[in-house]
Amino acid sequence: MDFMIRAATPEDCKDISRMIMELAVYENMPDQVKISHEVLEQDGFCKNPFFHCLVAEVAEQYRTTEGYTVIGYALFFYTYSTWKGRSVYMEDLYVMPEFRGEFPGKGVGTALMSKVAQVCKEQQCVRLQFSVLNWNTPSLDFYKAKGAQDLTDSEGWHVLRFDGEALDKLAQMAPKN
Amino acid sequence: MVYTIRVATLEDCKDIYRMIMELAKHEKVSDQVKIAQRDLEQDGFSKNPFFQSIIAEVPEQHRSKDGHSKVGYALYFFAYSSWKGRSVYMEDLYVMPEYRGKGIGKALMSKIAQLGLAAGCNQLNFAVLNWNKESMDFYLSQGCWDVTTGLDYHCMRCEGPALEALARGDPKN
């Protein structure tokens, strides 16, 4: 299946908003989503954006029955560790169910996350951090397979992190478009 | 004791760095600090800063025995919730031991809440190590809730009326 990973534009915010809701439904908390696509447009595309976003887009022949070609996204922002310096926090990573799992380790989710890791390297960020709900076994497996550390198990947190070699490897796996 | 809370400047990085090291020592992870003072200067005071910082300062007559008048700091940055929108994340909150119990920590946190609300944020998030009971008790007493206990994360949050009250600096009953 052909897909590409690219930076989101303001026009993508309707799709991103749609997928934010799909992710919230998956996490059993759909009533928690309070912001609209207009808010995303404002906050992500202003002079000092609050976040950055990548989207995954498939070729026309793979569009969904509803007509969507934007089928995944990663939303992230820069953070800071007073111990380690510049970092990135990946707030959301989501791929629509029908586009998951086709090629484990080479699919859309991996490509999105790799691109985020690439951004890390370009911006000299030394950590990629994110969170996972404890019961979300498929996601925990996905991240651990990529060398992520579960800091809650080791120190009392559920925060996952990429650094060092695992981060380099992840960055190297990104598609070259 | 009289003190002021103000936005940090480039010149404050030396003291911020000193206090980062003191906090790391308190959390028993001094060898984990990999950044230098120079990194703070670059990353916090360039065109697109990675963080913001505020300082608690006391007048000359109250400076520490080592001569420090900058006795606390908080370091934060703007973050984003794809569900709730703009938020602020407090990375560090620290007051030198001999200046604790005077409301400086609460004042620093309150200032962040204020600055966050002014910027359109509706959450103040931060993280605490599970074994740090003194800090846990302090934060929970301010009206936060433990997101990890509630939802499987260890991330603390001030929001709604508690956040408004924190920004106003209401006395704790």
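Helices (H or I, at least four residues) and strands (E, at least two) are DSSP runs, and they are numbered from the N terminus. The legends below describe a predicted model.

**Figure 1. The loop residue B:D12 and its surroundings in chain B.** B:D12 is found in the loop that runs between strand β1 (4–7) and helix α1 of chain B. Its relative accessible area is 1%, so B:D12 counts as buried. Apart from neighbours within four places in sequence, the residues in contact with B:D12 are B:R6, B:V7, B:I55 and B:K70. With B:R6, the side chain of B:D12 makes a polar contact, side chain to side chain, at 2.7 Å.

Figure 2. Side chains of opposite charge can pair when their charged atoms come close. Here the side chains of B:K70 and B:D12 meet in a salt bridge, with 2.8 Å from N to O. This pair links distant parts of the chain, since B:K70 belongs to strand β3 of chain B while B:D12 sits in the loop between β1 and α1, 58 residues apart. Through salt bridges that share partners, B:R6, B:D12, B:D15, B:R18, B:E22, B:E57 and B:K70 are joined into one network.

**Figure 3. A salt bridge within helix α1 of chain A.** Over all chains, the structure holds 14 salt bridges, and one of them lies between the side chains of A:R18 and A:D15, at 2.8 Å from N to O. Both A:R18 and A:D15 lie in helix α1 of chain A, and they are 3 residues apart, which is about one turn of the helix. A:R18 has a relative accessible area of 15% and is buried, and A:D15, with a relative accessible area of 17%, is buried as well.

**Figure 4. Salt bridges that cross between chain A and chain B.** How many salt bridges are counted between chain B and chain A? The count is 2. In one, B:D43 pairs with A:R86, and the closest N and O atoms are 2.8 Å apart. This pair crosses between chains, from B:D43 in helix α2 of chain B to A:R86 in strand β4 (residues 85–95) of chain A. Both B:D43 and A:R86 are buried. A:D43 forms a salt bridge with B:R86, with 2.8 Å between the closest N and O atoms.

**Figure 5. The side of chain B that touches chain A.** In this interface, 36 residues of chain B are in contact with 37 residues of chain A. The area buried between the chains is about 3300 Å², and carbon and sulfur atoms give 59% of this area. In chain B, the residues that lose the most area to chain A are B:F50, B:Y80 and B:W83, which together account for 28% of what that side buries. Across the interface, 13 residue pairs are in polar contact. The elements of chain B that give two or more residues to this side are α1 (13–26), α2 (37–45), β3 (70–81) and β4 (85–95). The largest share, 6 residues, comes from β3 of chain B. Sorted by kind, the residues of chain B on this side divide into 20 nonpolar, 7 polar and 9 charged.

**Figure 6. Loop residues of chain A with a positive phi.** Although A:N28 is not a glycine, its phi is positive, about 65°. A:N28 lies in the loop between α1 (13–26) and α2 (37–44) of chain A, and its relative accessible area of 59% is why A:N28 counts as exposed. A:Q124, a residue other than glycine, also has a positive phi, near 60°. A:Q124 is placed in the loop between α3 (108–122) and β5 (127–131) of chain A, where it is exposed, with a relative accessible area of 57%.

**Figure 7. The chains as a setting for the close-up views.** Chain A has 6 helices and 7 strands, and along its sequence these follow the pattern β-α-α-β-β-β-α-β-α-β-α-β-α. Of the 177 residues in chain A, 54% are buried. Chain B contains 6 helices and 7 strands, and 49% of its 173 residues count as buried. Among the contacts in chain B with a separation of 6 or more, 60% are between residues 24 or more positions apart.

Key
Residues numbered from 1 in each chain as written. Chains lettered and ligands numbered in written order. Predicted model: local features only at pLDDT ≥ 70, side-chain atom pairs only at ≥ 80, totals over all residues. Heavy atoms only, no water. Contact = heavy atoms within 4.5 Å. Buried area = accessible area lost by both parts, 1.4 Å probe. Salt bridge = Lys/Arg side-chain N within 4 Å of Asp/Glu carboxyl O. Polar contact = N/O pair within 3.5 Å; in protein donor to acceptor, adjacent residues only side chain to side chain. Nonpolar A, V, L, I, M, F, W, Y, C, P; charged D, E, K, R; others polar. Buried < 20%, exposed > 50% of the residue type's maximum accessible area, 1.4 Å probe, protein only.
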